[in-house]
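Here is a friendly tour of one structure, from its sheet out to its helices. Please have the viewer open as you read.

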Amino acid sequence: MSFSTIIGQEQLKRRLGTSLAGDPGHAFLFTGPTGAGKTLVARAFGKALLCQTPSEAGACGQCVACRLFDEGVHPDWRSLVSKDGKGIRVEQVRTDIVADVSLYSQMGGRKVYLVDADHLNEQGQNALLKTIEEPPPHVCILMTASGPERLAGTIVSRMAHFPLARSTPEELRRILTGAGISEELPALPFLLRYARGIPGVALELATDTWFIQVREEVLDRMASVGEKDRAVLLTETYGFFNREKDHADTLLDVAGTYVRDLALVASGARETLLLNADRRGAILDLVRRNRYDIAQLDRAGAAVQHARRCLTLNTNFETTICSLLLQLRKELAHA
Ligand SMILES: [Zn+2]
């Protein structure tokens, strides 16, 4: 696993390569949202720190250390994760790291520890503090966290910080197809933008049949909301939202992307910016046929946002959704 197997993150890979070529230091913090690829990057760097012939491109992939690492049995590599969802226990930190760092490395090189800091409480951090302040020369500690604020300032100040970048849609496409997602998936162009640059989110949604289907249904319903009979809207369409009540925020997010796409077309923006690119023809047709103007689409978009906020504030579900549907019916009325 040299750095070249990581798609994107070019600047971060260059920094890691430069650090490998010199004296890398002892403590490294990788941050980014869930699904950004922190563990993947931290493992690639950990492997390079253990490799017998590393280069600026990362681990060689050929030496004994690399082979042991790939098999998951490198004796000088420890990974601390929350085993039962209850977080990393302070005893785990004491035995697996604090007591272990003073022992010699078994392969004669570095000893490298990876800690999932999102699951490390204050006690656990305190237990690690001294090791991070005065690490034995052969010890490297790598941490992953959703953000540096997850950790005490005294710890962060002693670590080299490597924030992960958001992936571009093209990088996401390479990651998804590399993971076996078909280029032919109609929702693919949508996912590449909807995932907001987070590979884990894109991968999860691309393999979530519920999401793929419910998105289609929301888009169909949005396309016809302006011609629906009022009574049908308040029974049948509302019934759909009610069935998916637990995921209403996702449904409203998707509805919001549709209104945004209508507004993009109405404002004459480039069609390549459409989120729901697989619905391009229908979206163009709808805007043209009904002569939607920006003001009414803005109101429709604001109504979706408003409903989204109301749900987070626990307002009455039926009232919120029904008044949204009625407003969408008015703003998106078919000519
Ligand atoms: Zn190697």
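Predicted model: local features only at pLDDT ≥ 70, side-chain atom pairs only at ≥ 80, totals over all residues.

## Starting inside the sheet

As a reminder, strands of a sheet pair through backbone hydrogen bonds, in either a parallel or an antiparallel way.

How much of β3 is covered? Strand β3 spans residues 111–116, and five of its six residues are buried, leaving the strand mostly covered.

## The sheet as a whole

Stepping back, β2 and β3 belong to an open sheet of five strands, with parallel pairing and the order β2-β3-β4-β1-β5. Its edges are β2 and β5 (160–163), each of which pairs on one side only. From one strand to the next, the twist averages 15°.

Which helix lies across β1, β2, β3 and β4? That is α2, made of residues 38–50. Against β4 (139–145), helix α2 runs at about 170°. You can find β1 at residues 27–31.

## Two helix pairs to compare

Two packed helices are described by the angle between their axes and the distance between the axes. Take helix α4 (residues 90–98) and helix α5 (residues 122–133) to begin with: their axes are 8 Å apart and the packing angle is about 20°. Angles under 35 degrees count as roughly parallel, so that is the description that applies to α4 and α5. The crossing of α4 past α5 is right-handed. On the α4 side, Val90, Val93, Arg94, Ile97 and Val98 take part, meeting Gln123, Gly124, Ala127, Leu128 and Thr131 of α5. By class, the contact of α4 with α5 has six nonpolar residues, three polar and one charged.

Now look at helix α7 (residues 169–178) and helix α9 (residues 199–206), whose axes come within 10 Å and cross at roughly 50°. With that angle, α7 and α9 are therefore oblique to each other. Their crossing is right-handed. Which residues of α7 meet α9? They are Leu172, Ile175 and Leu176, and their counterparts in α9 are Pro199, Ala202, Leu203 and Ala206. The contact of α7 with α9 is made of seven nonpolar residues, with no polar and no charged ones.

## Two residues up close

Arg174 is a residue of helix α7. Is Arg174 buried, exposed or partly exposed? It counts as partly exposed because it has 14 C-beta neighbours inside 10 Å, whereas a buried residue needs 20 or more. Along the chain, Arg174 and Gly8 are 166 residues apart, yet 9.4 Å separates their C-alpha atoms.

Ala248 lies in helix α12, which covers residues 248–266. With 17 C-beta neighbours inside 10 Å, Ala248 also falls in the partly exposed class. Leaving aside residues up to four places away in sequence, Ala248 touches Phe241 and Leu311. Ala307 sits 59 residues from Ala248 along the chain, and the C-alpha atoms of these two residues are separated by 9.9 Å.

Note on methods:
Residues numbered from 1 in each chain as written. Axes fitted to C-alpha atoms, helices over the stretch in contact; angles between N-to-C directions. Helix = DSSP H or I, 4+ residues; strand = E, 2+ residues; numbered from the N terminus. Parallel < 35°, antiparallel > 145°, perpendicular 65-115°, else oblique. Left-handed = near helix turned anticlockwise from the far one by under 90°. Contact = placed C-beta atoms within 7 Å. Nonpolar A, V, L, I, M, F, W, Y, C, P; charged D, E, K, R; others polar. Buried ≥ 20, exposed ≤ 12 C-beta atoms within 10 Å, placed from the backbone. Pairing = 2+ DSSP bridges.
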